[in-house]
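Visitor: I would like to go through this protein with the definitions at hand. Please show me the sequence and the model.

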Amino acid sequence: MAIKDIAMALGIAQGTVRRAVKAGNLQALTPKPTGRAPGEQRRLSAEQELHIQRLICKNRPEQLKLSFALWTRGAVLLLMQQEFGIDLPIRTMGEYLKHWGFTPQRPIKRAYEQHPEAVKA
């Protein structure tokens, strides 16, 4: 193949292809990973993440002396501040919750103990 065709097929500059061919190092044409590695520069350690997850799963916010009825991003942020003294933006807390598999839930609009006959009357 022509250098021009190789460069176009790989999406790299023709000069890069020429240098690789001249040096006999065709491994230089393989793409290299870019960006940060997954999990790099996280504020919480794996043990801290696991501790928070367990607290969320086993307790309600009021059991941990938080003034929330349900677990929200703000409630988890406050819990992290109490437990570890770490302050994060609320958006980052949402990313942590998403990474942990917690999804936002809508409350049910109908009460469980509702008596349809009594409501109708």
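Visitor: What does methionine 80 touch?
Guide: Leaving aside residues up to four places away in sequence, methionine 80 touches Leu44, Ile52, Gly85, Ile86, Leu88 and Met93. Contact here means heavy atoms within 4.5 Å. The model is predicted, so local features need pLDDT of at least 70 and side-chain atom pairs pLDDT 80 or more, while totals for chains, interfaces and linings use all residues. Residues are numbered from 1 along each chain as its sequence is written, and side-chain values use heavy atoms, with hydrogens and water left out.

Visitor: What makes a set of residues a nonpolar core?
Guide: The members must be buried Ala, Val, Leu, Ile, Met, Phe, Trp, Tyr or Cys residues, joined through side-chain atoms within 4.5 Å. Buried means under 20% relative accessible area, exposed means over 50%, and partly exposed is in between, with a 1.4 Å probe and protein chains only. The largest such core has 16 residues, and Ile52, Ile56, Leu79, Met80, Met93 and Trp100 have the most contacts inside it. At least two of its residues come from each of helix 3 (46-58), helix 4 (73-84) and helix 5 (90-100). Helices are DSSP runs of H or I with at least four residues, strands are runs of E with at least two, and both are numbered from the N terminus.

Visitor: Why is proline 31 called exposed?
Guide: Its relative accessible area is 78%, and the cut-off for exposed is over 50%, so proline 31 qualifies. Proline 31 is in the loop between helix 2 (14-23) and helix 3.

Visitor: Which residues of helix 5 are buried, and how do you know that they share a side?
Guide: Met93, Tyr96, Leu97 and Trp100 are the buried ones. They cover an arc of only 95° around the axis, so they lie on the same side of helix 5. The arc is that of the directions from the helix axis to the C-beta atoms. These buried residues pack against helix 3 and helix 4. On the other side of helix 5, Arg91, Lys98 and His99 are exposed.

Visitor: What makes tyrosine 96 and tryptophan 100 an aromatic pair, and of which kind?
Guide: Rings of Phe, Tyr and Trp (its six-membered ring) pair if their centres lie within 6.5 Å; planes under 30 degrees apart are stacked, over 60 edge-to-face, and the rest tilted. By this rule the count is one aromatic pair. The centres of tyrosine 96 and tryptophan 100 are 5.6 Å apart and their planes stand at 50°, which makes the pair tilted. Both residues lie in helix 5, four residues apart, about one turn of the helix.

Visitor: How many helices and strands does the protein have?
Guide: There are six helices and zero strands.

Visitor: Why is the protein called more spread out than a compact globule?
Guide: The radius of gyration, taken over C-alpha atoms, is set against the globule rule of 2.2 Å times the number of residues to the power 0.38. For 121 residues the rule gives 14 Å, and the protein has 27 Å, well over that, so it is more spread out than a compact globule. The C-alpha atoms fill a box of roughly 85 × 40 × 20 Å along the principal axes. Of the 121 residues, 20% are buried.
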